[in-house]
Amino acid sequence: MVVALGGTERDKINYLNGFVRGGLLDLREIRRVLKPDGRLVVGELFGDPRFTTRASLERMGAEAGLELVERSGNRLAYFARLAPQQTA
């Protein structure tokens, strides 16, 4: 499950199932359209055929220009919030 929220206008993708089918390409596209102050929330549950570990999500996110800023849950079920990487 993916929820992408942007700034004060609250533009969002409420639900996107199986986004990791394209993995890094999908994250790059989400990053491309995500507002600078936007956020991407990903929920994963072990047992889903497309389950992605938090470590894999964090790695792919970094390659796509997103950083993991918050997470909850455990290694079998979690939510992770990613945001555009801040440049100095």
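Q: Buried means under 20% relative accessible area, exposed over 50%, and partly exposed in between (1.4 Å probe, protein chains only). How does Gly 23 count at 8% relative accessibility?
A: This is a predicted model, in which local features need pLDDT of at least 70, side-chain atom pairs count only at pLDDT 80 or more, and totals for chains, interfaces and linings use all residues. Residues are numbered from 1 along each chain as its sequence is written, and side-chain values use heavy atoms, leaving out hydrogens and water. At 8% relative accessibility, Gly 23 counts as buried.

Q: In what order do the elements of the protein run from the N terminus on?
A: Helices (H or I, at least four residues) and strands (E, at least two) are DSSP runs, numbered from the N terminus. The protein has 2 helices and 5 strands. From the N terminus on, the order is β-β-α-β-α-β-β.

Q: How many residues has the largest nonpolar core?
A: A nonpolar core is a set of buried Ala, Val, Leu, Ile, Met, Phe, Trp, Tyr and Cys residues joined through side-chain atoms within 4.5 Å. In the largest one, the residues with the most contacts inside it are Leu 27, Leu 40, Val 42, Leu 57, Leu 66, Ala 80 and Leu 82. α1 (24–33), β3 (39–45), α2 (54–64) and β5 (77–84) each supply at least two residues of this core. The core's residue count is 13.

Q: Which residue touches Arg 39, Gly 61, Glu 67, Leu 68 and Val 69, among others?
A: Contact means heavy atoms within 4.5 Å. Residues up to four places away in sequence are not counted here. The list also includes Leu 40, Val 42, Leu 57 and Leu 66. The residue that touches them is Leu 82.

Q: At what angle do α1 and α2 pack?
A: Axes are lines fitted to C-alpha atoms, for helices over the stretch in contact, and angles run from 0 to 180 degrees between N-to-C directions. The axes of α1 and α2 are 9 Å apart. Their angle is about 50 degrees.

Q: What does that make α1 to α2?
A: Under 35 degrees counts as roughly parallel, over 145 as roughly antiparallel, 65 to 115 as roughly perpendicular, and the rest as oblique. The two helices pack at about 50 degrees. Therefore α1 is, to α2, oblique.

Q: How do the residues of the contact of α1 with α2 divide into nonpolar, polar and charged?
A: Leu 24, Leu 27, Arg 28 and Arg 31 in α1 meet Leu 57, Met 60, Gly 61, Glu 63 and Ala 64 in α2. Ala, Val, Leu, Ile, Met, Phe, Trp, Tyr, Cys and Pro count as nonpolar, Asp, Glu, Lys and Arg as charged, and the others, Gly among them, as polar. The division is 5 nonpolar, 1 polar and 3 charged.

Q: How far apart in space are Arg 28 and Ala 62, C-alpha to C-alpha?
A: Arg 28 lies in helix α1 and is partly exposed at 41% relative accessibility. Leaving aside neighbours within four places, it is in contact with Glu 63 and Ala 64. Arg 28 and Ala 62 are 34 residues apart in sequence, and their C-alpha separation is 9.8 Å.

Q: What distance separates the C-alpha atoms of Gly 23 and Leu 57?
A: Gly 23 lies in the loop between β2 (12–13) and α1. Along the chain, Gly 23 and Leu 57 are 34 residues apart. Their C-alpha atoms are separated by 8.7 Å.
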